[in-house]
Protein chains: 2
Amino acid sequence: MTMRRLLASVLSTVLVGGTVAVVLTQTPSATAERRGQAPIVIGHRGASAHRPEHTLLSYEAAIAMGADYIEPDLVATKDHVLVARHENEISGTTDVAAHPEFADRRTTKTVDGRPVTGWFTEDFTLAELKTLRAKERVPDLRPDNTAFDGLAEIPTFEEVVKLALAHGVGVYPETKHPTYFDSIGLSLEEPLLDVLNRYRVRKAYIQSFETANLRELRGRTRLPLIQLITYGGAPYDWVAAGSTRTYDDMVRPDGLREVATYANGIGVDTRRVVPVDASGATTAPTTLVADAHRRRLDVHVWTVRNENAQLPADYRLGDPASPVFPRATGNVMGWLSRLIELGIDGAFCDDPAMGRAVVAKRSA
Amino acid sequence: MTMRRLLASVLSTVLVGGTVAVVLTQTPSATAERRGQAPIVIGHRGASAHRPEHTLLSYEAAIAMGADYIEPDLVATKDHVLVARHENEISGTTDVAAHPEFADRRTTKTVDGRPVTGWFTEDFTLAELKTLRAKERVPDLRPDNTAFDGLAEIPTFEEVVKLALAHGVGVYPETKHPTYFDSIGLSLEEPLLDVLNRYRVRKAYIQSFETANLRELRGRTRLPLIQLITYGGAPYDWVAAGSTRTYDDMVRPDGLREVATYANGIGVDTRRVVPVDASGATTAPTTLVADAHRRRLDVHVWTVRNENAQLPADYRLGDPASPVFPRATGNVMGWLSRLIELGIDGAFCDDPAMGRAVVAKRSA
């Protein structure tokens with residue numbers, strides 16, 4: 001433990017949380033400085049409404065559409081290189097199943113306590129993964145994106161960073177299943193920091209659904225950290241450690257105070273800000289945004305999507321009896337506007353153009 | 001002829017054109033004042049990439065997406081009310097064919113010298129038209145929009161204006177087939193000006209592919225006028241008058257000088273600014289933007305669309321062999337950026353969010 005980590009550890013124990021994290025990290029994008037600015041538009045997996053997610057095609061599109069940040073989910077290869085995939089199991093987003101030479105790598109593993117069957121990035125070298133081609137993950141919902149199937153490689157995190165730097169946008173990497181990758185000797189944090197440091201990345205957020213790895217990163221980077229929070233469930237490192245605490249505890253004032261000792265913001269399911277009732281319609285907002293801001297935590301929400309199927313019921317538009325109703329563009333503009341009115345600091349958007357348009361209109 | 005029209009007529013004959021029009025009209029959005037500002041985003045038929053065109057649903061979406069102007073094409077009903085439809089023949093955009101009570105109204109007419117078969121707005125009262133429902137015009141290209149089929153009425157121009165005023169955006173009406181509507185005693189200009197004057201509309205452009213009606217309007221309104229110019233062909237009023245002059249003549253310096261005597265800008269096919277070769281790929285730009293600006297004419301281009309099928313060949317992306325290639329989102333961001341670099345003052349966009357995003361990004 002370095003002196004810096006020791007200091008951080010002592011301070012976060014002794015002092016009231018929120019302020020400490022900000023003082024220690026001095027991130028230009030941290031809450032205090034951001035308040036009052038336009039919310040950031042995060043290109044979710046690139047521009048996944050228009051391109052197969054987590055491809056350079058998708059990231060390039062997001063940049064052209066005005067995303068402030070592009071967002072890669074990160075998993076490790078056998079030779080310990082970070083690549084951008086939603087999950088380490090890649091049968092849904094690549095053509096791996098059509099490669100006879102890899103047929104024997106199909107297997108079943110336990111990831112975060114759940115059995116998963118398919119092909120896993122950690123069983124392939126980067127060179128092997130580069131022989132695969134990406135495909136649209138949800139072709140039923142986004143059939144037009146299949147026009148890009150087979151055209152793009154799996155990008156490395158380094159390639160995503162280089163693209164972002166070349167265009168002056170930020171990166172917003174998520175470490176996926178850090179406890180799991182630790183357990184197989186392919187820890188995500190070291191190669192993550194290596195790339196960020198090597199390219200001197202200044203405009204970035206690092207996000208995770210777990211807590212232990214964010215605490216570890218807190219001692220090793222000044223970049224802002226975002227604690228991801230789902231609607232139900234608990235961080236897997238808490239589960240693995242036998243804790244009974246959940247994300248519900250994390251969003252209470254005490255939980256947020258603790259988050260503020262190591263993170264600069266929270267990245268939450270929109271239902272944490274605006275819950276929905278049994279019919280899927282929105283109800284009165286929670287106090288989470290104000291509670292988080294009181295702890296000097298930014299609030300980013302996921303995921304703002306155009307399609308009716310992905311919107312709260314009261315923001316859907318069109319004829320529910322139509323077979324294409326789920327894919328039709330609902331009132332995503334109204335939905336994002338409402339979230340912005342509630343004070344969020346950023347939104348993960350599958351269609352960054354729509355996100356940028358709403359933000360631009362509101363600040364016009 | 002009023003004194004004001006007489007004065008305008010004399011001035012436009014005697015003096016050099018461009019300046020006269022600006023002096024006479026004193027429009028805040030005219031060229032001289034606009035130069036250097038961000039180009040305007042015109043919601044083409046609303047947000048026709050996301051909703052059936054020319055419906056209040058489509059206009060509402062365009063406004064929410066940040067369009068500066070919403071654009072209705074205007075035709076007349078039997079009782080001389082202006083309604084928003086792409087054409088007076090309405091079988092492609094409404095369910096009229098499914099109404100047995102109107103079966104006997106199906107007919108063939110000659111419009112602008114061409115035979116057209118179907119149902120025509122001028123054969124219906126507004127009350128009758130209001131019993132119809134709109135549907136997506138190009139369901140093969142925009143299948144998701146069919147989720148809105150049957151949900152919207154044909155809106156009147158007055159309804160479109162009220163919507164625009166309620167949201168602080170402009171309107172950009174096009175008079176369709178003015179010579180034809182004059183010939184059947186349903187002149188478009190009077191009801192157009194009546195609505196614009198009655199609601200004291202200040203933020204508007206009036207556009208037409210013909211010239212005589214723009215000259216007539218020049219004497220009757222201070223709102224800026226836009227001469228529409230196709231890639232081939234000629235204004236129908238010129239054709240009807242036996243002239244051999246064409247739009248090719250209109251974009252030459254002398255032609256532009258003449259346009260500037262009665263209009264404030266031109267609305268041109270993008271190929272007038274960036275021609276395409278036999279393969280559909282873009283070639284070197286013309287001098288039209290500079291030529292028009294020299295005459296103090298704004299340049300608005302149509303139509304910027306997301307889909308590969310609607311983009312120049314070198315801005316298409318994806319696998320041409322894919323059955324959904326025509327519908328996939330191409331490099332519309334790059335295409336609009338190129339047009340903006342060439343100095344255009346506005347763009348008609350089927351997806352105003354994409355247009356707003358590109359404009360916002362460029363001015364960031």
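Which residues of chain A form one aromatic cluster? They are A:Tyr69, A:Tyr172, A:Tyr205 and A:Phe348.

The model is predicted: local features need pLDDT of at least 70 and side-chain atom pairs count only at pLDDT 80 or more, while totals for chains, interfaces and linings use all residues. Residues are numbered from 1 along each chain as its sequence is written, chains are lettered from A and ligands numbered from 1 in the order in which they are written, and side-chain values use heavy atoms, without hydrogens and water.

Let me begin with the cavities. Two cavities of 30 Å³ or more are found in a search of the whole structure. A cavity here is a set of points, on a 1 Å grid over the protein atoms alone, where a 1.4 Å probe fits but cannot get out; lining residues have an atom within 4 Å of a point. A volume is the space filled by probe spheres set on the points, which are joined across faces, edges and corners.

The largest cavity has a volume of about 480 Å³. Its lining comprises 26 residues, and nearest its centre lie A:His50, A:Asp144, B:His50, B:Asp144 and B:Thr329. By class, this lining has eight nonpolar, eight polar and ten charged residues, where Ala, Val, Leu, Ile, Met, Phe, Trp, Tyr, Cys and Pro count as nonpolar, Asp, Glu, Lys and Arg as charged, and the others, Gly among them, as polar.

The second largest cavity has a volume of about 30 Å³. Among the residues that line this cavity are A:Val304, A:Leu336, A:Cys349 and A:Met354. Its lining divides into five nonpolar, two polar and two charged residues.

I turn now to the aromatic rings. Over all chains, the search finds 16 aromatic pairs; rings of Phe, Tyr and Trp (its six-membered ring) pair if their centres lie within 6.5 Å, with planes under 30 degrees apart counted as stacked, over 60 as edge-to-face and the rest as tilted. B:Phe102 and B:Phe124 make an edge-to-face pair, at 5.0 Å centre to centre and 75° between the planes. Both B:Phe102 and B:Phe124 are buried, that is, under 20% relative accessible area with a 1.4 Å probe and protein chains only.

For B:Tyr172 and B:Phe348, the ring centres are 4.9 Å apart and the planes are at 65°, so this pair is edge-to-face. B:Tyr172 and B:Phe348 are both buried.

Finally, the charged end of A:Arg245 sits over the ring of A:Trp238, 4.4 Å from its centre. The criterion is NZ of Lys or CZ of Arg within 6 Å of the ring centre and within 35 degrees of the ring normal. In chain B, the charged end of B:Arg245 sits over the ring of B:Trp238, 4.5 Å from its centre.

Note on methods. 1 Å grid on protein atoms, 1.4 Å probe; cavity = no way out; pocket = protein on both sides within 12 Å on 5 of 7 lines; lining within 4 Å. Buried < 20%, exposed > 50% of the residue type's maximum accessible area, 1.4 Å probe, protein only.
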